[in-house]
Amino acid sequence: MPDPTHFEKLEHMMHSAPIVKLTGAKVKVKKGEAEITLPVRREFFHAAGALHGALYFLALDNAAFFAVNSLVEDVFVLTASLTTYLTRPVTEGALKAVGKVVSRGRTQFIAESVLYDADDREVGRANGIFVKGRIPLSEEIGYR
């Protein structure tokens, strides 16, 4: 049974990360799932006038990552690989990425995430392999 504050501590950890502060992303964590919201801002556009793929990746990776770390209470998990598919450009509103753990083994987890625009249209998806790292979940990394 997870510590009831584990999900809140993970949320604080994400919100305290410098890249997340820069982008304005937010997370909500549940057991085996996470949802990321990310405002679309012009300063994150590429030259052709739409949101840069790096922000898609950030939302997709974090959604899958926090879904996995919701099941791991002692250490920070690591993204070993993440395959992403970007299917539609986004120019306004906000993104929502929903991540879920789909397989859990002794040494690795498989998670997937789907990214939606403000009209709830799918704009990307990802699947990845995650492993337990060696960095303890602690106040030093924002887990509080």
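Some ground rules before the structure. Residues are numbered from 1 along each chain as its sequence is written, and side-chain values use heavy atoms, with hydrogens and water left out. Because the model is predicted, local features need pLDDT of at least 70 and side-chain atom pairs count only at pLDDT 80 or more, while totals for chains, interfaces and linings use all residues.

I start with the core. A nonpolar core is a set of buried Ala, Val, Leu, Ile, Met, Phe, Trp, Tyr and Cys residues joined through side-chain atoms within 4.5 Å. Buried means under 20% relative accessible area, exposed means over 50%, and partly exposed is in between, with a 1.4 Å probe and protein chains only. The largest core here has 41 residues, and Ile36, Leu51, Phe66, Leu95, Leu115 and Phe130 touch the most other members. Helices H1 (6-16) and H3 (53-69) are among the elements that give two or more residues to this core, as are strands E1 (26-30) and E6 (122-136). H3 supplies the largest share, 11 residues. Helices (H or I, at least four residues) and strands (E, at least two) are DSSP runs, numbered from the N terminus. In soluble globular proteins, nonpolar side chains tend to be buried together.

Which residues does leucine 95 contact, leaving aside neighbours within four places in sequence? Among them are Ile36, Leu51, Val90, Leu115 and Val123. Contact means heavy atoms within 4.5 Å.

Next, the largest pocket. Its volume is about 180 Å³. Of its 14 lining residues, Ala17, Asn62, Phe65, Phe66 and Phe76 are the closest to the centre. On a 1 Å grid over the protein atoms alone, a pocket is an open set of points where a 1.4 Å probe fits, with protein on both sides within 12 Å along at least five of seven lines, and lining residues have an atom within 4 Å of a point. H3 gives the most to this lining, with five residues. By class, the lining has 11 nonpolar, two polar and one charged residues.

Ring pairs link Phe65, Phe66 and Phe76 into a cluster. Rings of Phe, Tyr and Trp (its six-membered ring) pair if their centres lie within 6.5 Å; planes under 30 degrees apart count as stacked, over 60 as edge-to-face and the rest as tilted. The whole structure has two aromatic pairs. Phenylalanine 65 and phenylalanine 66 are edge-to-face, at 4.7 Å centre to centre and 80° between the planes. Why is the pair of phenylalanine 65 and phenylalanine 76 tilted? Their planes are at 50°, so the pair counts as tilted, with centres 5.0 Å apart. Phenylalanine 65 is buried at 5% relative accessibility, whereas phenylalanine 76 is partly exposed at 25%.

Aspartate 61 lies in helix H3 and is buried, with a relative accessible area of 15%. Beyond its neighbours within four places in sequence, aspartate 61 contacts Thr79, Leu82 and Phe130. Arginine 88 is in the loop between E3 and E4 and is partly exposed, at 36%. Its C-alpha atom is separated by 9.1 Å from that of aspartate 117, 29 residues apart along the chain. Aspartate 120, in the loop between E5 and E6, has a positive phi of about 65° although it is not a glycine.

Technical notes. Points joined across faces, edges and corners; volume = space filled by probe spheres on them. Nonpolar A, V, L, I, M, F, W, Y, C, P; charged D, E, K, R; others polar.
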